[in-house]
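Colleague: Please take a close look at one part of this model for me. Then connect it to other features you can describe.

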Amino acid sequence: MNNERETHGGERNPAICGMGWAEYVALVEHFHSYAAPGVVLGGIMVDLALRHFPKGVLFDAVVETKSCLPDAVQLLTPCTTGNGWLKVLNFGRYALTLYDKKKGEGVRVYIDGHKLPICKNFYDWFFNYVDKKDLPSGVLLEEIRLHGEEVCGVEAVTVDAAFRKRAKKGRVDNCPVCGEPYPLKDGPMCLACRDGSPVRRPGEGFVPDFERPHPDLKIIPIEEAVGKKALNDMTKIVPGQSKGRAFKAGQVIREEDLDLLRSMGKGRIFASDRLPDEKIWAHENEAALVLGAGMSGEGTDYEREPKEGKVQITASRAGLYTVDVDRLKALNLIPDVVCAARRGCEVVKTGDMLAGTRAIPLYLERRFLERAKAVLTKPLFRVLPLRKAKVGIVVTGTEVFKGIIKDKFAPIMTEKVTALGCEVVHTAMAPDVVEEITKGIKACLAAGADLVISTAGMSVDPDDVSKAALLQAGLTDYVFGTPMLPGSMTLVGRIGEAQVLAVPAAALFHTITAADVLLPRLLAGQTFTHDDIAALGHGGLCLNCDPCIYPLCGFGK
Ligand code: ZN
């Protein structure tokens with residue numbers, strides 16, 4: 001790299017990556033359509049970074065703003081967004097980093113805002129104090145030329161390995177909504193269809209209900225409807241007393257039904273002798289059945305006869321109810337299709353209600369039903385069976401071990417796991433000594449435990465050594481620190497094939513803690529990443545209701 005600084009009449013004349021100043025400014029004009037101060041400044045920053053980067057090492061670049069700076073990197077280095085060697089993060093910081101792709105070591109050049117006030121126009125421009133059109137652009141460029149390098153900070157940084165790895169695009173499929181190919185890893189539909197795109201074909205995008213076409217149904221007075229079929233279920237509501245289906249779709253209206261219809265406030269009904277084109281329209285009952293069938297997965301079932309246009313999904317076995325939340329939202333983004341579900345990750349019994357689904361209009365546009373089918377290529381709801389685990393319990397605490405205090409933990413945990421169908425195969429007591437607790441854990445494993453629950457010893461006190469013992473016993477893949485109160489010191493992980501749940505002392509005082517939320521998920525075979533555990537913070541606060549109404553509350557949901 002050209003390291004030299006030319007001097008003309010005492011002025012500093014920076015060379016930009018081997019180019020003279022005027023030559024670089026002309027190049028910017030050609031590429032960016034005008035000599036944008038940001039791209040000009042970017043040239044100084046790229047040059048500065050290159051001078052601090054070891055020669056002969058292959059580098060990638062990352063910039064932290066979308067404006068101007070990426071253009072300078074693309075002009076002056078082999079890195080472009082297209083070839084993937086330049087990544088643009090939209091942090092809004094005027095900074096660029098060149099880094100060793102293999103090792104992650106790099107140099108970061110950024111604008112030091114505290115140094116900027118040395119040049120008035122540069123400062124006003126960068127901090128947006130003055131309207132761009134009021135800035136004398138010649139003077140501004142001159143200040144950038146003279147002081148650009150001075151106001152930059154340079155620092156050594158490392159770039160995370162996960163970021164350096166090139167994201168694989170993975171499998172591609174046609175989007176069920178727009179029909180164009182997109183990476184499947186983005187979810188059940190392409191991101192443009194999920195989030196909305198500002199680029200639209202005529203008639204595309206969200207159209208409110210009242211502006212969409214509706215089938216041209218003939219409406220007749222009920223007196224003329226005798227001998228004809230009802231097109232939809234009709235509901236009788238007695239305020240505060242009852243609500244239910246009084247007429248079923250397809251039922252023939254008789255003379256003697258007229259009084260009932262009148263009492264329900266129905267003066268007119270849809271004539272059944274002129275039905276909408278089936279190729280374009282799907283009746284609400286057909287739609288509800290398609291939806292119900294598509295969304296119910298293993299361990300769930302759906303009503304085979306829609307009522308008032310709705311179909312309910314229920315648990316067909318006991319277990320942990322789970323929801324594909326992204327897919328549920330994708331479905332609800334389809335016009336005129338709704339599904340309401342209870343919160344996921346709850347233990348349910350056979351027959352428990354899980355969700356309800358329906359089309360909003362009496363006749364749903366078939367293209368929306370097709371879209372729903374495409375979203376429902378995988379079910380939304382499942383009930384996972386809970387494994388009948390062989391549980392080993394290790395109770396820690398010197399006072400308990402010596403019999404000074406009577407242990408309460410073993411009975412509490414035994415009750416919790418047996419309530420979920422598990423069996424306790426071994427219970428060990430250990431004082432607050434790492435080796436002794438480790439021995440207890442190993443005794444549980446030797447007794448055939450596939451779930452080891454250790455109690456207490458998880459807080460910040462020096463006597464709390466359960467974590468150290470778990471590690472000594474071979475703990476791996478663990479997450480410690482759960483954003484739930486009570487129970488934030490809860491740990492999940494595994495020793496070999498056995499699952500580990502470390503329960504803090506909070507469980508002695510509180511009926512329900514984080515462990516009660518995690519236990520059924522462990523029994524359903526779920527594993528936890530830091531990401532999964534971090535998500536528990538929303539809904540992680542117990543309100544200490546008196547009496548406790550868990551699970552009929554928001555804790556752990
Ligand atoms: Zn799409």
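Colleague: What volume does the second largest cavity have?

Modeller: About 30 Å³. The model is predicted: local features need pLDDT of at least 70, side-chain atom pairs need 80 or more, and totals for chains, interfaces and linings use all residues. Residues are numbered from 1 along each chain as its sequence is written, and side-chain values use heavy atoms, without hydrogens or water.

The whole structure holds 2 cavities of 30 Å³ or more. A cavity is a set of points on a 1 Å grid, over the protein atoms alone, where a 1.4 Å probe fits but cannot get out. Volume is the space filled by probe spheres set on the points, which are joined across faces, edges and corners.

Arg212, Pro213, His214, Trp281, Asp336, Pro361, Tyr363 and Glu365 line the second largest cavity; lining residues have an atom within 4 Å of a point. By class, the lining has 4 nonpolar, 1 polar and 3 charged residues. Here Ala, Val, Leu, Ile, Met, Phe, Trp, Tyr, Cys and Pro count as nonpolar, Asp, Glu, Lys and Arg as charged, and the others, Gly among them, as polar.

Next, the strands. Strands are DSSP runs of E, at least two residues, numbered from the N terminus. β18 (residues 337-341) pairs with β20 in the antiparallel sense over 5 bridges; pairing takes at least two DSSP bridges. Cys339 has Thr357 of β20 as its bridge partner. β20 (residues 353-359) also pairs with β16 (residues 310-315), antiparallel, over 5 bridges. There, Gln312 is bridged to Gly356.

Methods. 1 Å grid on protein atoms, 1.4 Å probe; cavity = no way out; pocket = protein on both sides within 12 Å on 5 of 7 lines; lining within 4 Å. Helix = DSSP H or I, 4+ residues; strand = E, 2+ residues; numbered from the N terminus.
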